[in-house]
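I opened the model to look up a few side chains and their surroundings. My notes follow.

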Amino acid sequence: MSWEKVKLGDITDSCLGKMLDQQKNRGEFQPYLANVNVRWGAFDLDDLPQMRFEENEQERYGLRYGDLVVCEGGEPGRCAIWKGQVPNMKIQKALHRVRVHDGLDYRYLYYWFLLAGRRGALDQYFTGATIKHMPGQKLKGVVIDKPSIEIQRRIADILSAYDNLIENNQKQIKLLEEAAQRLYKEWFVRDNVPDGWEQRSLGDVASILRRGISPKYDDNGKYLVISQKCIRQSIMDIREARRESKEYTPELNLQDKDTVICSTGTGTLGRVGQVFGAYPDTT
């Protein structure tokens, strides 16, 4: 059975978010998502910014359950499904909101974007020589593979089951992290350093490698390279990792119980991730 090829603009409604302009914007302050808040399959909802939205802008820039939020720049095409995590959420101009028509499963569309992004199939729709963008008209012209709705749902059911398991595990890890933070505050902030403990510099008790490599990404490369996008709430998520073909010394590979600290990035500087288990050929 052949799959239909259709343009995204024929089977979805999409629009860019609102331009941030403190001098011109009017209305009530409401939270909004910017490009940095969108990851592949997830949102960073800590310390959300706000801007003014008028009553007649609620529908245009607002999000509904099942909307796909797609990056216009930065890493064009990076996207996640909005599931009503925060009430009255809006989007800034750096993002597209994609809302599917009947006959298209929003989960299937997300997984299609995920695969297309990994394969570089979206690159043909980008503009800009150095800084890449995917304007609205280019997004509408994206050609996707569209099987029957039954097959779409079957694909989405299988893949989302794995993602839901990962999400639940991450929630459990976050709860454990919060408990550890409370314990830390009780031991070191409220009661100072416990009797019998001593203060040491990090260099005395750990092997600090150095800052990471500067990779030349290759989608067909053997090795995975993590970036600050992979470090979330004290855990590592290698779904954001990119591939590299150049070989490096084995000491650069991540090992079980390694700690990784972001050295750059707006909103990510100082973020810490813990490696659990082995990450073979990952730098």
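The model is predicted: local features need pLDDT of at least 70, side-chain atom pairs count only at pLDDT 80 or more, and totals for chains, interfaces and linings use all residues. Residues are numbered from 1 along each chain as its sequence is written, and side-chain values use heavy atoms, with hydrogens and water left out.

I placed Arg 97 in strand 10, residues 95-100 (strands are DSSP runs of E, at least two residues, numbered from the N terminus). Arg 97 is buried and lacks a salt bridge; Asp 67, the nearest side chain of opposite charge, lies 4.3 Å away. Buried means under 20% relative accessible area, exposed over 50%, partly exposed in between (1.4 Å probe, protein chains only). A salt bridge needs a side-chain nitrogen of Lys or Arg within 4 Å of a carboxyl oxygen of Asp or Glu. Lys and Arg count as positive, Asp and Glu as negative; His and the chain ends are not counted.

Next I checked Asp 46, which sits in the loop between strand 5 (42-43) and strand 6 (50-53). Asp 46 counts as partly exposed because its relative accessibility is 46%. I noted that Asp 46 and Gly 62 are 16 residues apart in sequence and 19 Å apart in space, C-alpha to C-alpha.

Notes:
Helix = DSSP H or I, 4+ residues; strand = E, 2+ residues; numbered from the N terminus.
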